[in-house]
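Here is a short tour of a structure, written for someone who likes to have the model open while reading. Keep the viewer at hand and follow along.

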Amino acid sequence: MWHGDFHTHTTFSDGISSMERMVHAAISAGLSSVGFTDHSYTPFDTRYCMPEDRIPEYLAEIRRLRDAYRGRIEIYAGLEWDGGTDLPQRDSFDYLIGDCHYVPTPAGPRSVDHEKQEQKDAIDRFFGGDAVAYSAAYYDGYLAKTRLHRPDVLGHFDLPVKFGFVDEDSPKYRKAALTALLACLEITPFLEINTGAVARGLRDRPYPADFLLKEALAHGARPVLCSDAHRPEHLGFGFREAEQRLASVGFHTLWGLCAGRWQEFPITGK
Ligand SMILES: [Zn+2]
Ligand SMILES: [Zn+2]
């Protein structure tokens, strides 16, 4: 049975473990493929990203481990590419997850997911306390950056709901999220199912929400399971439940890198 995890972090950015320790944990977790996706360099916020000048070292370590563990696990070179930043080395990676961690404001980009209070302050100060308007600005930015960069995978799509300030049943919210998602799916069909916030006890379901998944299914989305693990024990976290959720929405398959190309695998819930 094939299992892959395509969104993971190491000490090259804000993960707590070395890449090699993550490889050991991935093998122990029964993964067939693992992709490393440390954070791209964001010059306006250096709290958690990988400095640009470390990219050659990052890619070299992936190549070393790929050779050392060949036959035991497949290892891919990815990057969590934050929208709005340059990436001259993009052809050096096997794939890029397009993500957006910021909402544009008159005072510059404000982090969506770093801290609860930081998100609350941005909603209050720049959006008059309206979390739906805040989210709509986020989705506009997400779409613009997806159009600009054309990443391979759409990462943690509905991130603004992370801290619970957004009414996800609001028609205005749903329209903003859906409009952006469907436009993004025209650029790439690969949609990350991200269990990271569940692993960290912040959410009770992966990104994105079911109402988005249902429309994504109708528009040909290809789901990719990702843990967004920042520590070894979170590799493959919640994948069985995520598969069951996908199946309940109507998906029969998921996608992952295997033998160097994106392939489709049946959902088994195992
Ligand atoms: Zn992220
Ligand atoms: Zn991540």
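In this predicted model, the zinc ion (ligand 2) is held by four residues: His7 and His9, each through NE2, Glu80 through OE and Asp228 through OD. The coordinating distances run from 2.0 to 2.2 Å. The geometry of this site is irregular, with angles among the four donor atoms of 82 to 169 degrees. Along the sequence, the donors follow the spacing H-x1-H-x70-E-x147-D.

The zinc ion (ligand 1) sits 3.5 Å from the zinc ion (ligand 2), and Glu80 coordinates both. Glu80 belongs to strand β3 (residues 74-82), while Asp228 is in the loop between β9 (222-226) and α8 (239-249), so this pair ties together parts that are 148 residues apart in sequence. Both Glu80 and Asp228 are buried.

Now step back to the sheet that contains β3. Seven strands form an open sheet with parallel pairing, in the order β1-β2-β3-β4-β7-β8-β9. The edges are taken by β1 and β9, each of which has a single partner strand, so one side of each is left without a neighbour in the sheet. Strand β3 runs parallel to β4 (residues 95-99), and five bridges join the two. One bridge to pick out is that of Trp81, whose partner in β4 is Gly98. Helix α2 (residues 55-68) lies across β2 (33-36) and β3, and runs at about 160 degrees to β3.

| Residue | Burial | Relative accessible area |
|---|---|---|
| Ser13 | buried | 15% |

Ser13 is found in the loop between β1 (4-5) and α1 (19-28). Which residue does the side chain of Ser13 join through a polar contact? The partner is the side chain of Asp38, at 2.4 Å. Beyond its neighbours within four places in sequence, Ser13 is in contact with Asp38, His39, Tyr48, Cys49 and Met50.

Phe237 is in the loop between β9 and α8, the loop that also holds the zinc donor Asp228. Setting aside neighbours within four places in sequence, Phe237 is in contact with Thr195, Val198, Ala199 and Ser227.

Note on methods
Residues numbered from 1 in each chain as written. Chains lettered and ligands numbered in written order. Predicted model: local features only at pLDDT ≥ 70, side-chain atom pairs only at ≥ 80, totals over all residues. Heavy atoms only, no water. Donors = N, O, S within 2.8 Å, 3.2 Å for Na, K, Ca; no water. Tetrahedral: all angles 85-135°; square planar, octahedral: opposite > 155°, others 65-115°. Helix = DSSP H or I, 4+ residues; strand = E, 2+ residues; numbered from the N terminus. Buried < 20%, exposed > 50% of the residue type's maximum accessible area, 1.4 Å probe, protein only. Contact = heavy atoms within 4.5 Å. Polar contact = N/O pair within 3.5 Å; in protein donor to acceptor, adjacent residues only side chain to side chain. Pairing = 2+ DSSP bridges. Axes fitted to C-alpha atoms, helices over the stretch in contact; angles between N-to-C directions.
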